[in-house]
Amino acid sequence: MAPNDRRRQFLKGSAIALTVGVAGCTGSQSTSTDDGSSGGGEDPLLADASSFDPANPQWEENNYLSTPLVDKRYERGSEADLENMGNREVEEVPHGDPVREAPSDEGEFLDPDTLVFTVSPSEDVQGRYEDDFAALFESIREETGKEVEFNKVNSYAASVEAMRSERAHIANFSTGTTAFAVNLAGAVPFAAGLTADGAFGYRLFATTRADANSIQSVKDFGRDDVTIGHSEPASNSGHQAPSALFDQYFDVTPTEDYEVNFSGGHGNTTRGIANGDYDAGPICSTCFKDTVDANSSLSYDDFKVVWASAPFPNGPIAYRYNLHPDIVEGIEAAWLDTDYSGTAYADRTGYNQFVPITYRKHWKDIMVIQRYNDVNYTQSALGE
């Protein structure tokens, strides 16, 4: 059996959540043109913006400028999506190890004088950490009685290593990095953010330039004359999810049907597409929005989306498994019992409240994707 056939059967036979959950979008692909044009003129499948219906996007018939998608908040899922993830019956994690239990020996508890918090790097917050996290840190101090400091890291791998080495006790990991943090660093994910209007998570946007008439589907990502940008190896929407879902739905396998060019981040992929460094790429929908909003030289009308996944959970808040139970109780209260409306933290993250999540249930689809991609939870795999 060929490698692609083996992997596709593995996904369809073992990962029901992917076919009805993560990738349960209407339609699977658009119709591709054969004219070989690379831009300019009128895109024959670019839909009228007013026709976009978030409940029935018709990807098999249309491409969409990114403007109507963002206008109708399609870059996020809903609180109902979050609830559906949490209501699933999942007895065992489908890949890797489960969350570690707290130590049974009280002598093994970690009780630092200062709690260190880190967050997966994001270009939109560089240089503004102290102001952004002031309200959060004050809440942690009140709930735990501990001082709090911020540990700045520059990569997904560094955020995991910080917790593994106990240089960080609390972290906001990216979605795709979370399973590495659980397996390598003893992370216990416990909370995820909701916006004021109940929006949750993000999608994978298969994105190209609005004038790329020859790219009408993910199938066209495999053309010899198309250059594709991915973000980072551990990124969910930027690499892991497209490596599985593009293969499943479009018979296009990254690294086999096209060369993967790692950009170093979703913002880099977005700007790279706009500048012509890449013709297309998979991008985290909320990261895409943040990048366009932060760059006056970019417009939503510069981009079109040829396919989007169903929602994924946004990166969770996690603590190290061996923290003293009193500290854990305070950390959980700082996120779950605090209303951050009107704070710089809410302005930066978009989240004014946090709700409980369970790694085994809410990250099931992520783990299935990583199992499909034969991911090994090692530091070298995270940082390669």
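**A strand and its surroundings**

A: This is a predicted model. Strand β8 pairs with strand β11 (residues 280-284) in the antiparallel sense, and the pairing runs over 5 bridges. Within that pairing, L204 stands opposite C284 of β11. Strand β8 also pairs with strand β12 (residues 303-308). That pairing is antiparallel too, over 5 bridges. Here A206 has W307 of β12 as its bridge partner.

Now turn to a helix residue. T269 sits in helix α9, which spans residues 266-275. Is T269 buried or exposed? Its relative accessibility is 0%, so T269 counts as buried. Which residues does T269 touch, once neighbours within four places in sequence are set aside? The contacts of T269 are G229, H230, S231, S263, Y278, G281, P282 and I283. Recall that β11 covers residues 280-284. G281, P282 and I283 are among the contacts of T269.

Next comes a pair of helices. Helix α6 (residues 156-164) packs against helix α7 (residues 178-185). The angle is about 30 degrees, and the axes are 9 Å apart. Angles under 35 degrees count as roughly parallel, so α6 is roughly parallel to α7. The crossing of α6 past α7 is right-handed. On the α6 side, the contact is made by V160, M163 and R164. On the α7 side, it is made by F180, A181, L184 and A185. What kinds of residue make this contact of α6 with α7? There are 6 nonpolar residues, no polar ones and 1 charged.

Last, look at two loops. Most residues other than glycine have a negative phi. E166 is not a glycine, yet its phi is positive, about 65 degrees. E166 lies in the loop between α6 and β5 (170-172). Its relative accessible area is 32%, so E166 is partly exposed. D374 is not a glycine either, and its phi is positive at about 60 degrees. The loop that holds D374 runs between α14 (364-372) and α15 (379-383). At 47% relative accessibility, D374 counts as partly exposed.

Technical notes:
Residues numbered from 1 in each chain as written. Predicted model: local features only at pLDDT ≥ 70, side-chain atom pairs only at ≥ 80, totals over all residues. Heavy atoms only, no water. Pairing = 2+ DSSP bridges. Helix = DSSP H or I, 4+ residues; strand = E, 2+ residues; numbered from the N terminus. Buried < 20%, exposed > 50% of the residue type's maximum accessible area, 1.4 Å probe, protein only. Contact = heavy atoms within 4.5 Å. Axes fitted to C-alpha atoms, helices over the stretch in contact; angles between N-to-C directions. Parallel < 35°, antiparallel > 145°, perpendicular 65-115°, else oblique. Left-handed = near helix turned anticlockwise from the far one by under 90°. Nonpolar A, V, L, I, M, F, W, Y, C, P; charged D, E, K, R; others polar.
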